[in-house]
Amino acid sequence: MDEKKTKLLAAQIRLETLRTIGALGFGHVPGSMDLADLMAVLYGEVMHYDPKNPRWEDRDWFVLSKGHAGPVAYATFGIMGFYPMEEAYTLNKPHTHFPSHTDRLLTPGVDLTTGSLGLGISTAVGAAKGIKIDGKDSRVYCVVGDGEADEGQVWEALHFAYAHKLDNLTVFIDKNNYQLDGATADILDHGDIAKKVEGFGLYVQEIDGHDVGAIYQAIMNAQAKKGVPSCIVLDTIKGKGATFAEGTGAHSSQPSKEQWAEAIAASEKAYEALKNA
Amino acid sequence: MSVNLIGKHEKDPRALRDAMALTLEELMAEDKRICYVDCDLMNCVNTGRLHKKWPERAFEAGIAEANAAGVAAGLAATGKIVFLHSFGTFASRRIYDPIYMSAAYAGLSVRVLGSDPGVTAAFNGGTHMPFEDAGMYLSIPGTTVLDPADYVQFQAIVRQLPGVEGVSYTRFARKSHITVYGEGSAFTIGKGVTLHESANDAAAIVCSGIMVDEALKAYEQLAGEGISVRVIDMFTWKPLDEALLLKAAADCGAIVTAENHSVGNGLGSAVANVLAAKKPTIQEFVGVQGRFGQVGAQDFLMDEYNLRAADIVAAVKRAIARKG
């Protein structure tokens, strides 16, 4: 893996995520920004896809079960050439193809529709099962929020993935420790979520979700594991790279114009610094 | 579309579950895209045979219906033609959000089969007795909703389901039904079947499922009293055969709907919606009137919830009286 290139891509994804949401002025900034490093590894180094043929039948699949992080996917797909980046700046405007939550009927690159929390992982599991039935080598990558894991259906899906030996499935849990009403530990404490998933029989790794090298290595480890689905718990900082959101734990953001300008300028600066390094 | 009406009020020795299981077996042999997902009820509907033949394509999702619906949607996204079975209660209420969001809203086709609707849940009782299942599916944009009357009709429906795009919901009793149709009957999803009609029909009975046989009995009783009525088997609740319905309304001037379902969100209300908008017509509703289910034999329950020929006869007479 080219670490420098991947870090640069992550910085670009953060910048475009901010521009995408910033065009309207409000949205789910925090839970989008914390996934930029994962998206850079997946779309820059790991996944097989064709931006000109998003439904290519031998592609790898990506399911954003925490659908409200749509903007980070839209930024990634735009950068990778699924559509001109500017199109995503229509986010949530009338008749846009870029809604808050990812929709397979609207946005090139979106494999399955998500938004009602807990549902997306089941569809990811179904896709992984369908790929197995066809005897294909494609893999399915699914991102679940730690707050989302309050939903019982997440655990039904993990149970199914284990029982059906879906080793072509990797579930990422975005453990940013916050959900809408506050800290996950205060809302409905999971305890050790990695151990819980391990208890469901999955091959589990817990890593720094902002370390692109660690993310890449964990995915390679997961791919090497046969007979069981895998889970990678990403320890992340909600809002990472958004000056007004990082470290606040907020679920959505509606910063002032000045705050937007400051955040985008800081993100541009971070991107340029990496580009010129 | 022509049917061979038997209508002798005799039980079919075949169980309806076999109309599903054996027909699916034929379909799966022909088309390897077809998948069948069950929720620990294969033994109730004789579909274990599918799992034995095609373990990869016909499989268990266990007692986790909501996940099963999401899995079905994901399978559909990979190009599979997916059937999903559970009891009607779970195949509607328990999976409503995933079947709505992950399948219907997402533009993915899943053919849901809900067994033992309404009073046919019998000895499983109120916890397993859905009177609102089909109505829930009527509420989802783009769905197809079906309530077959007997073995032959259900078999014909299952054969057509692979070609039905979007989410469909078919409710059927697992066990034996009264035979309405003979072999060789042909049905088209979306088209109602007129079983009796004359130039002097004073009312039209629009019914489906187990109520078709009751309607035929009501027809005979009314004929004996010199009252002529039209009988329409409206096994497709959605898309509703509006042309047939509106013609019946125009010809007869009164409609009686009969359903093994809550009248508040079922066939009666679907019919009333069309009539109110396009041809206001006197209507009487035979069906479950805002009540929960309860345990008991199907015969007892049909009496208890006023789902009998006598109830249809009384409703027809009320409707005719209201015409003035």
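Tutor: Let us begin with a term: a contact means heavy atoms within 4.5 Å. In chain A, residues 24 or more positions apart account for 75% of the contacts with a separation of 6 or more. This is a predicted model, in which local features need pLDDT of at least 70, side-chain atom pairs count only at pLDDT 80 or more, and totals for chains, interfaces and linings use all residues. Residues are numbered from 1 along each chain as its sequence is written, chains are lettered from A and ligands numbered from 1 in the order in which they are written, and side-chain values use heavy atoms, with hydrogens and water left out.

Helices (H or I, at least four residues) and strands (E, at least two) are DSSP runs, numbered from the N terminus. Gly182(A) counts as buried because its relative accessibility is 18%; buried means under 20% relative accessible area, exposed over 50%, and partly exposed in between, with a 1.4 Å probe and protein chains only. Leaving aside residues up to four places away in sequence, Gly182(A) touches Asn177(A) and Ile187(A). Ala128(A) lies 54 residues from Gly182(A) along the chain, and 33 Å separates the C-alpha atoms of the two.

We now turn to the chain around this residue. Chain A contains 10 helices and 7 strands. Its radius of gyration is 17 Å, close to the 19 Å that the globule rule gives for 277 residues, so chain A is as compact as a globular protein of that length. That radius is taken over C-alpha atoms, and the rule is 2.2 Å times the number of residues to the power 0.38. Along the principal axes, the C-alpha trace of chain A spans about 50 × 45 × 40 Å.

Among contacts in chain B between residues at least 6 apart in sequence, 79% join residues at least 24 apart. For the complex, the predictor gives an ipTM of 0.97 and a pTM of 0.97.
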